[in-house]
Amino acid sequence: MFDNSGHHIVYGELKDYLTGETLKDTDDERIRQELARHLVEELGYAPEELEPRLVIVSEFNGNQVESRIELCARIEGRRLFILRYGPGSLVTREKAAIAAARILEPKYRIPLAVVSNGRDAELLETGSGRVLATGMDAIPSRSAAAGLRQSLSFEPYSDGLKREQALRILNLFDEEVCCAGNGCDPPL
């Protein structure tokens with residue numbers, strides 16, 4: 001089945017690499033699946049250490065937005081980094097990824113965020129927003145993640161004003177505007 005009626009070409013269905021769930025087969029979803037496969041098969045993560053398709057919902061001025069986090073890596077019981085995918089420029093994805101990592105976990109700020117377009121990546125420190133490394137090698141391996149887990153701070157991010165600011169950033173950056181008013185149904 002081939003469906004090109006929307007802004008995502010749907011080739012049919014595929015099975016999620018981590019969960020086995022049936023998903024819409026789109027170009028973007030194929031890249032998301034490759035990123036998950038890369039983390040498991042090349043970087044050494046166990047599938048159960050990766051949480052796929054997490055969502056943060058924000059609403060401001062009557063505008064409700066669902067921000068998607070493609071993957072979250074949990075090491076020794078703590079979320080170490082999130083990975084957000086998007087085609088194109090990585091720098092345009094940094095602020096939203098940092099905001100998501102700051103508020104996804106209610107108990108603490110997730111210390112790292114990765115943004116990737118499937119060909120390139122950046123590793124971000126979520127306290128300062130600094131880019132720590134670039135390139136696909138910037139995504140920490142499982143063994144490197146264990147060392148990072150011990151050296152990074154998992155500080156609370158409980159200031160209500162800061163959390164609201166992060167939600168506003170997500171609401172603004174992640175709004176789907178390509179099909180506004182036309183019933184767009186982006187793949188989940």
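This is a predicted model: local features need pLDDT of at least 70, side-chain atom pairs count only at pLDDT 80 or more; totals for chains, interfaces and linings use all residues.

1. Residues are numbered from 1 along each chain as its sequence is written, and side-chain values use heavy atoms, with hydrogens and water left out.

2. Taking a salt bridge as a side-chain nitrogen of Lys or Arg within 4 Å of a carboxyl oxygen of Asp or Glu, the count is 16. Among them is the pair R53 and D16, at 2.8 Å from N to O, which links distant parts of the chain, 37 residues apart: R53 is in strand β3 (residues 50–60) and D16 in the loop between β1 (12–15) and β2 (22–25). Helices (H or I, at least four residues) and strands (E, at least two) are DSSP runs, numbered from the N terminus.

3. Buried means under 20% relative accessible area, exposed over 50%, and partly exposed in between (1.4 Å probe, protein chains only). R53 is buried at 18%, and D16 is likewise buried at 5%.

4. A salt bridge also joins R142 and E49, whose closest N and O atoms are 2.8 Å apart. Because R142 lies in helix α3 (residues 142–151) and E49 in the loop between α1 (27–42) and β3, this pair ties together parts that are 93 residues apart in sequence. E49 is buried, with a relative accessible area of 14%.

5. Finally, E29, R32, R68 and E70 are linked in a network of salt bridges.
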